[in-house]
Amino acid sequence: MSKLPATYDALVEAAEQLALYEKLIEQINKDFLLANIDLDFDSNILPSSLKYLLHEVVYNLIQEKFAEYLNLLYIVDVSEAKIKALDGSDTLKLSEQVTFLILQREWQKVWFKQHFRD
């Protein structure tokens, strides 16, 4: 992987081209379960629905369950430096950016597992 997809659409396109979209959903479900967040996406969820629902969950975590939000970032292994670089003044925008960082990191995990398995 030369570099991470820079947009949500590019990420989904890469996942679909490599037939890894379902694996991406599985990884998201696995990490959210590890973080004790009640979320279980169907493997056939449309990319637009995934983006919307994930954003909604992240927004609600930031607003109402900050400790769980931090735990999720830790479980997913989102870069602390990337989070700190975001502007937190607008929670809606922040949650959208964090959602994308989560998706990028989950994509990275799936891509590496696919390319470096025995």
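This note sets out points on confidence, salt bridges, backbone angles and surface charge in a predicted model.

1. Confidence. The mean pLDDT of the protein is 93, and 97% of the residues reach at least 70. Helix α4 (residues 66-76) has the highest confidence, with a mean of 97, whereas helix α1 (residues 8-17) has the lowest, with a mean of 92.

2. The structure contains 4 salt bridges. One of them joins the side chains of R105 and D77, with an N to O distance of 3.1 Å. This pair connects distant parts of the chain, since R105 belongs to helix α6 (residues 91-115) and D77 to the loop between α4 and α5, 28 residues apart.

3. The backbone at D77. D77 also deserves attention for its phi, which is positive at near 75° although the residue is not glycine. In general, most residues other than glycine have a negative phi. D77 is partly exposed, because its relative accessible area is 44%.

4. The backbone at A19. A positive phi, about 55°, is found at A19 as well, again in a residue that is not a glycine. A19 is placed in the loop between α1 and α2. With a relative accessible area of 65%, A19 is exposed.

5. E80 and K84 pair in a salt bridge whose closest N and O atoms are 3.0 Å apart. Both residues lie in helix α5, 4 residues apart, which is about one turn of the helix. E80 and K84 are each exposed.

6. K109 and E106 form a salt bridge at 3.6 Å, N to O. These two residues are 3 residues apart in helix α6, so about one helical turn separates them. K109 counts as buried because its relative accessibility is 14%, and E106 counts as buried because its value is 0%. Together with D31, E106 and K109 make up a network of salt bridges.

7. E22 is partly exposed, with 41% relative accessible area.

8. K23 is located in helix α2. K23 is partly exposed, at 43% relative accessible area.

Technical notes
Residues are numbered from 1 along each chain as its sequence is written. This is a predicted model: local features need pLDDT of at least 70, side-chain atom pairs count only at pLDDT 80 or more; totals for chains, interfaces and linings use all residues. Side-chain values use heavy atoms; hydrogens and water are left out. Buried means under 20% relative accessible area, exposed over 50%, partly exposed in between (1.4 Å probe, protein chains only). pLDDT is the predictor's confidence in each residue, from 0 to 100.
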